Amino acid sequence: MDRPVPLAVVVVLLLVGTTLLYAPAARGAAFPILPVAESNALVSGLSAPSLSPGDTGSFAFVLSNPLNGTLTSLTLTLEVYAFVAYPGNATSVPPAGATPTLSGASSNGSLASVSVPSLPSGATLRAPGDFSVEATAPSVTPSGTFAVRISLSFLEGSRSYRLESRGFFSQAAWDNATGAPNHNSTLSASRLGVSGIVPETAIFVRSNGISSVLYAVLGGSLVLAAIGGYLAWRRGPGSRSGSWSLRDPHRAPSAFGKRRTKDGD
């Protein structure tokens, strides 16, 4: 019989255990900036499946076009990029041969992409339904949390846009983009070299020996933490300069949080 796990253990897992990110360095500004209201609406309703080893489940999300023009060459990419084991709370790169594999229109192990040739203004596509992206946990997948970062690229007319989630940026790059004079908070997409920020999610894998109740609490808490952080900065007014006001920029929006042992982790 599963023994109850103290709430303090869950809190430690949330605040300490799921903290490292594996992200490339930020690039210089190269893409036009979207107002926050438009970047928020492009990807919504994002969630990942909770799996047992050997299981397959579907991601859920909505792609929308809030812009005035038609979007073309639209590509949404999902990638597993970090892992936090449970129990033990060890954070690492995803384990080779034991990481959930992603499948979609185009996939390669821990990465999958969905391509949409054209999305008219005001149109909406849903997954699952209009298309599907699935995750499969190999039978040897360890218990824990697999963070999934998201990127979105498209054309509107002759202009090329790219949005990325928190997991693409090092701590140094994120601090640079969220710092403002007089200790104010901001989020500058232009400093990150992208058109805007999109949310990310996490796959939860639980072995038969781990309490499903614990994983339900842990999984729900992590997703709510990521969504809460995302909402904390999305409330600010849009700006073509790529800056938005923030309550707590260092907590948004990531599946694993902000703590690292070094920049670029």
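## A sheet of three strands: E1, E4 and E10

Let's start with an open sheet built from three strands, which follow the order E1-E4-E10 and pair in an antiparallel way. Strand E1 (43-47) and strand E10 (124-127) stand at the edges; each has a single partner strand, so one side of each is left without a neighbour in the sheet. On average, and with direction ignored, neighbouring strands here are turned by 10 degrees against each other. Keep in mind, as you look around, that this is a predicted model.

How many bridges link E4 and E10? Four bridges hold this antiparallel pair together.

## A second sheet: E3, E11 and E7

Another open sheet also has three strands, this time in the order E3-E11-E7, and its pairing is antiparallel. Its edge strands are strand E3 (56-58) and strand E7 (101-103), each of which pairs on one side only. Neighbouring strands of this sheet are turned by 25 degrees against each other on average, again with direction ignored.

You can trace one of these pairings by eye. E3 and strand E11 (residues 134-136) run antiparallel and are joined by three bridges. Within this region, Gly57 stands opposite Ala135 in E11.

## Helix H3 and its buried side

Now turn to helix H3, which spans residues 171-178. Which residues of H3 are buried? They are Gln171, Ala173, Trp174, Ala177 and Thr178. These residues cover an arc of only 160 degrees around the axis, which puts them on the same side of H3. A general rule is handy here: an α-helix has 3.6 residues a turn, so residues three or four places apart point the same way.

What do the buried residues of H3 pack against? Their partners are strand E14 (186-188), helix H4 (189-192) and strand E15 (196-197).

Thr201 lies in strand E16, which covers residues 201-205. Is Thr201 buried or exposed? Its relative accessible area is 3%, and because buried means under 20%, Thr201 counts as buried. The side chain of Thr201 has a polar atom that lies 3.4 Å from the backbone nitrogen of Ala48.

Asn68 sits in the loop between strand E4 (60-64) and strand E5 (71-85). Its relative accessibility is 78%, and since exposed means over 50%, Asn68 counts as exposed. Which residues does Asn68 touch, leaving aside its neighbours within four places in sequence? Asn68 is in contact with Ser121 and Glu156. Asn68 and Ser121 are 53 residues apart in sequence, yet their C-alpha atoms are 5.5 Å apart in space.

## The whole chain

The chain has 265 residues, of which 48% count as buried.

Contacts can also be sorted by how far apart the partners are in sequence. Among the contacts in the chain with a separation of 6 or more, 78% are between residues 24 or more positions apart.

Technical notes: Residues numbered from 1 in each chain as written. Predicted model: local features only at pLDDT ≥ 70, side-chain atom pairs only at ≥ 80, totals over all residues. Heavy atoms only, no water. Helix = DSSP H or I, 4+ residues; strand = E, 2+ residues; numbered from the N terminus. Buried < 20%, exposed > 50% of the residue type's maximum accessible area, 1.4 Å probe, protein only. Polar contact = N/O pair within 3.5 Å; in protein donor to acceptor, adjacent residues only side chain to side chain. Pairing = 2+ DSSP bridges. Axes fitted to C-alpha atoms, helices over the stretch in contact; angles between N-to-C directions. Arc of directions from axis to C-beta. Contact = heavy atoms within 4.5 Å.
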